[in-house]
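Colleague: Please take a close look at one part of this chain for me. I would like the packing around a single residue, then its wider setting.

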Amino acid sequence: MASVTGSSFAISSLSCSFKQNQVHLKTSLSIKGVSSPSLRLKPATGRFSITCAAKPETVDKVCEIVKKQLALTDDKVVNGESKFTALGADSLDTVEIVMGLEEAFGITVEEENAQTIATVQDAADLIEDLITKKA
């Protein structure tokens with residue numbers, strides 16, 4: 001673990017690349033005007049995960065589909081943190097939501113992935129991941 005006490009530092013560049021199950025971070029660091037060589041971090045596979053939030057428009061579209069599938073009133077607030085169960089969805093409702101998402105986004109959600117969806121954000125993140133893999 002590194003620490004900086006009573007010094008100023010700046011990160012002059014930062015790049016990130018993603019490969020299957022790995023994330024590579026590369027940065028240049030300058031402390032008190034002395035530049036260090038590029039620093040590259042290569043985490044071991046499976047040691048941590050990075051979650052990228054879905055685009056706001058994807059989250060909004062998922063919210064609309066969830067509201068429609070559950071027949072929620074317009075005054076009911078649905079956002080990325082909304083849990084399907086808290087919105088009154090049972091297991092059959094969740095299956096219908098997933099089917100609606102598949103149709104709306106032109107994707108196929110495998111059963112093992114569908115079982116990991118608990119919130120609107122989970123669904124939106126999965127959709128963007130599937131669309132990216134499809135491309």
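Modeller: Contact here means heavy atoms within 4.5 Å. This is a predicted model, where local features need pLDDT of at least 70, side-chain atom pairs count only at pLDDT 80 or more, and totals for chains, interfaces and linings use all residues. Residues are numbered from 1 along each chain as its sequence is written, and side-chain values use heavy atoms, with hydrogens and water left out.

Start with Phe-84. Beyond its neighbours within four places in sequence, Phe-84 is in contact with Val-66, Ala-89, Thr-94, Ile-97, Ile-117, Ala-118, Thr-119, Val-120 and Ala-123.

Now the core. A nonpolar core is a set of buried Ala, Val, Leu, Ile, Met, Phe, Trp, Tyr and Cys residues joined through side-chain atoms within 4.5 Å; buried means under 20% relative accessible area, with a 1.4 Å probe and protein chains only. The largest such core has 26 residues, and Phe-84 is among those with the most contacts inside it, along with Val-62, Val-66, Leu-101 and Val-120. Helices H1 (56-69), H2 (91-105) and H4 (120-134) each supply at least two of its residues. H4 gives the most, with six. Helices are DSSP runs of H or I, at least four residues, numbered from the N terminus.

Next, the H1 and H4 pair. Thr-58, Val-59, Val-62, Cys-63 and Val-66 in H1 meet Val-120, Gln-121, Ala-123, Ala-124, Ile-127 and Glu-128 in H4. The axes, lines fitted to C-alpha atoms over the stretch in contact, lie 9 Å apart at an angle of about 120°.

Definitions and conventions: Buried means under 20% relative accessible area, exposed over 50%, partly exposed in between (1.4 Å probe, protein chains only). Axes are lines fitted to C-alpha atoms, for helices over the stretch in contact, and angles run from 0 to 180 degrees between N-to-C directions.
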